[in-house]
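Colleague: Could you walk me through this model? I would like to go through it piece by piece.

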Amino acid sequence: MPEFTTNQWAILFLVLVLGWLLGLVSRSGGRKWKRAYQAERDARADEQAELEAARARVAELEAARPAPVLAPSPSTAGAVVEEPVVAEPVTTTEALDLTRDDLSLIRGIGAAGQRRLNEEGIYRYSDITGLTPAEEAELEKRLGADDGYIEQEQWREQAALLESGQVDQHRATFG
């Protein structure tokens, strides 16, 4: 066995003590990860419970849906043939057309401008073409744009072309 000097023994002792201290400090991390795992597991269980409650509610609503009303058909004389009576559609937010036009195609808007316009409630080309001069000025203020910016960039004209499906002409005219 090689011989060690006093300094080497002292360094070896310090390394062992530091390793022991490092082991003590890192030991408490196991409890931290266990708590995080339990919190995640509980959150997942809550999400599953909410999902099951939503599914049960959907099943309940589907079961409560009224059956179609059958009425005799006036087109057949004497014979009783039943045809379903179609009810008027109910307009709800689920039934509304919530599609959005790509407003970023309009020169002067871009992707960031589209997000800001969507926040202002403008989603379609028809929303832009229908702006009055007063609404236009108010929108410019809310967007932080210079006065007359919408008119200068010809948003209405661009929106009208895009709304009518003339994308190629829009590109040729406005770039």
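This is a predicted model: local features need pLDDT of at least 70, side-chain atom pairs count only at pLDDT 80 or more; totals for chains, interfaces and linings use all residues.

Colleague: Which residues gather in a patch of negative charge?

Modeller: On the surface, E40, D42, D46, E47 and E50 gather in a negatively charged patch, and one of these residues, D46, has its place in helix 2.

Colleague: Let me step back for a second. How many helices and strands are there in the protein?

Modeller: The secondary structure comes to eight helices and two strands, and, read from the N terminus, the order of the elements is α-α-β-β-α-α-α-α-α-α.

Colleague: What about nonpolar residues, which ones form a patch on the surface?

Modeller: That nonpolar surface patch is formed by F4, W9, L12 and L16, which together have about 410 Å² of accessible area. Within this group, W9 lies in helix 1, which covers residues 6–27, and W9 counts as partly exposed because its relative accessibility is 45%.

Colleague: And in the largest nonpolar core, which residues touch the most other members?

Modeller: That core has 14 residues, and those that touch the most other members are L103, I106, I109, L117, I128, L139 and W155. At least two residues of the core are supplied by each of helix 4 (125–129), helix 5 (133–143) and helix 7 (155–163), and helix 7 gives the most, with three residues. As a general background, nonpolar side chains tend to be buried together in soluble globular proteins.

Colleague: How much of the protein do buried residues make up?

Modeller: Of the 175 residues in the protein, buried residues make up 15%.

Colleague: One last thing: how many residues apart in sequence are E151 and P133, and how far apart in space?

Modeller: E151 and P133 are separated by 18 residues in sequence, while the distance between their C-alpha atoms is 9.2 Å. E151 lies in helix 6, residues 149–152, and E151 counts as partly exposed because its relative accessible area is 44%.

Methods. Residues are numbered from 1 along each chain as its sequence is written. Side-chain values use heavy atoms; hydrogens and water are left out. Patches are made of residues with over 30% relative accessible area and no salt bridge: like charges are joined within 9 Å, nonpolar side chains (Val, Leu, Ile, Met, Phe, Trp, Tyr) within 5 Å. Accessible areas come from the Shrake-Rupley method with a 1.4 Å probe; for residues, only the protein chains shown count as cover. A salt bridge is a side-chain nitrogen of Lys or Arg within 4 Å of a carboxyl oxygen of Asp or Glu. Helices (H or I, at least four residues) and strands (E, at least two) are DSSP runs, numbered from the N terminus. Buried means under 20% relative accessible area, exposed over 50%, partly exposed in between (1.4 Å probe, protein chains only). A nonpolar core is a set of buried Ala, Val, Leu, Ile, Met, Phe, Trp, Tyr and Cys residues joined through side-chain atoms within 4.5 Å. Lys and Arg count as positive and Asp and Glu as negative; His and the chain ends are not counted. The place of a charge is taken as NZ of Lys, CZ of Arg, CG of Asp or CD of Glu.
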